[in-house]
Amino acid sequence: MTMVRTLVPLNMYVVTYQLAYGRPYSKFEALLLKAINGSTDTGGRTSRELGDIFKVHVRLLTEGLVTLIQEGWVAMEQRGSEIYYLVTEQGRATVASGRRPSNLRVRTVHAKIVRERLTGQMARVSEVPLITVKALRRAANQAVHKEALQPRVIRTRINGGEAEPLLPRSDQHQERVRWIDSAARVSQDLHYLPVRVDLDSGKVLGLPYRWQHLAQMICEEARERREEFEADPAFQAELQRVMQDSTEAVIDDVPTVAHWAEPYAQEFVTCADLTLRGDHGRTMAEELLARAEGSVLIVAGNLDEPTAVATKDAAIALRRRGVHCDVLWSCEDEAAVDTIQRRITAIRADDSLPGKVQFNRGRAERVADMMITITADGPVAAIGAGLFGGAERDGELRPAVRLTDPGVVAALARVCAGWWEELPANEGALPAHRWKHLAEQWAGEAATAQASNEETVGVACPDNPSVECNGRVIVLVGPQQAAFHANLSAEAGQRYLRTDPNEHSDRLVAELAHLPDAVGRRYRVIGGADGWRTLRPKGDSWSLEVAEAPPPARSQRLLAVNGQWLVTCGDQARSSIGFCVEGHVGERAWERASADA
């Protein structure tokens, strides 16, 4: 066994955030309080009288009364064999204020978060046995950072919304994140994670389970720098001493992607919520924009001339209806930036339009293709390259998914607010504040829905009504996408589809053909920048042929294995957003993809 010890470079942050528990009471509870308050002159009301007023089940009436009593707004008084409910002074003050009763409690807390600088994954400080430079400086013959692995992520800021799943909260009070301030970086090159690398087996000991996908990357660099590490035995001995006090764990045979990186958020979805082709995604986007009320956020991750025109027309149509529109755009084509910028600027050329618009003046970093709309039925988000573009892209393979859970949309809105905050000179201050405020509102709505204990109603599959849709979508932020991709690539199965707009198909074919035969794949479809190829087994060899299939979108990468469809977009070292669809919805996606081929 050949073992070397090294350091994973970290950045440390302190995130300030607000936690809330409780909820605004329902309209029924507010009306119940008013009904009891109206009986002050008659000495209160009995449960029988309240039942006659509201005509609801006694269980619902009892729950409402208990809630008001616990808050101190209603009191009980026994008179003979009857119990009367009377409003208290605090309850009268609540009714007089005209506001809906609420038992919302808020507290401000701080959390320490670390980010590894190899791919950008984050973790709580409590999950990482980190070590400081000060503790190692005397044992090193050179600067400590030269003894560590080479950082590959130079980004120093984190998006506050990106850190939300890691922020501690009380399960007892069912607390939820209400507000996240911009994160402040505490240190760089001052904290490290010590690890042991077994160069023979390729295992890395000391990684938290969230970062297990780093093992291959660490092993490759450790092998390349083996002589350099072994040339400083005193430092190796010091690292060994330090690691004896920490948990040195290695995780083998991780069964599911959830063990590699916890989902940022997840939601139940049906087959109607997932589209694969550009025309279907465009129809989904048009339907959401037609239902929009109040405010809309459009994030266009890879604009070109046609999509810029479509985005401009959509934003102007929203303004005509008095809907406010925030547009965050980016573009990879350097030559087209000026033209696209003029197109976007034309959104607010007509000052007579009622709706307001906000957009970035220069192109932003590419993070996602998505939109968030406020509708009469609540907030709705859609993610995917299929949301934008004209009819010329209708035949492209461009997966897009629709999300309706208020809690999930709130989490996405916080990440979007962080994108606006990254713009220079406070250019995005107003949109950032707007979407943080809306996220706070939707998180409260999600808490109310959970408190009501509503059960999800099954939805029949559009193709086969006898089958119930039972799929889910997993939302992934930043480096979580790479972790899911690494694990999904290693899963056994017969169906495999991969697209990458930046790679030639021959290179993708070469990568897949050398995967271990034990993986068990017998059919693979690969899409690249120059078309599609199909690999089929014939005996002990693979045959290669051209496959007829819809061209892949140029602004997103796709990996589908068995019933899971992973869609990624943007720079994974940043807070870009992707998603993974699985279950019945993912299975049906294969049927539709095969039908279109």
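This is a short walk through a predicted protein model, from the whole chain down to single residues. Local features need pLDDT of at least 70, side-chain atom pairs count only at pLDDT 80 or more, and totals for chains, interfaces and linings use all residues. Residues are numbered from 1 along each chain as its sequence is written, and side-chain values use heavy atoms, with hydrogens and water left out.

Start with the whole chain. The protein chain holds 17 helices and 28 strands. Helices (H or I, at least four residues) and strands (E, at least two) are DSSP runs, numbered from the N terminus. The chain has 597 residues, and 54% of them are buried. Buried means under 20% relative accessible area, exposed means over 50%, and partly exposed is in between (1.4 Å probe, protein chains only). The accessible surface comes to about 26900 Å². Carbon and sulfur atoms account for 49% of that surface. These areas come from the Shrake-Rupley method with a 1.4 Å probe; for residues, only the protein chains shown count as cover.

Now look at contacts, meaning heavy atoms within 4.5 Å. Take those between residues at least 6 apart in sequence: 77% of them join residues at least 24 apart.

Next, go inside. A nonpolar core is a set of buried Ala, Val, Leu, Ile, Met, Phe, Trp, Tyr and Cys residues joined through side-chain atoms within 4.5 Å. The largest such core has 58 residues. Met370, Ile372, Leu403, Leu412, Trp419, Trp442 and Ile577 touch the most other members. Helix H13 (residues 406-421) gives the most to this core, with eleven residues. Leaving aside neighbours within four places in sequence, Met370 is in contact with residues including Leu297, Ile298, Val299, Leu412, Trp419 and Ile577. A second, separate core has 31 residues. Among them are Ala308, Leu318, Val323 and Phe359.

Turn to strand E26, residues 557-561. This strand is mostly covered, with five of its five residues buried. Arg557, Leu559 and Val561 point one way from E26. Leu558 and Ala560 point the other way. E26 has partners; two strands pair if DSSP finds at least two bridges between them. Strand E22 (residues 496-499) pairs with E26 in the antiparallel sense over four bridges. Within that pairing, Arg498 stands opposite Leu559. Strand E27 (residues 564-568) also runs antiparallel to E26, joined by five bridges. Here Val561 stands opposite Gln564. E26 and E27 form a hairpin with two residues between the strands. In this hairpin, Asn562 takes a positive phi near 55°.

Two further residues have positive phi without being glycine. Lys55 has a phi near 55°. Lys55 sits in the loop between helix H2 (47-54) and helix H3 (58-71). With a relative accessible area of 66%, Lys55 is exposed. Asp189 has a phi near 65°. Asp189 belongs to strand E9 (residues 184-198). With a relative accessible area of 31%, Asp189 is partly exposed.

Finish at His173. This residue is in the loop between helix H6 (144-147) and strand E8 (176-180). His173 is partly exposed, at a relative accessible area of 37%. His173 and Tyr21 are 152 residues apart in sequence, yet 6.3 Å apart in space, C-alpha to C-alpha.
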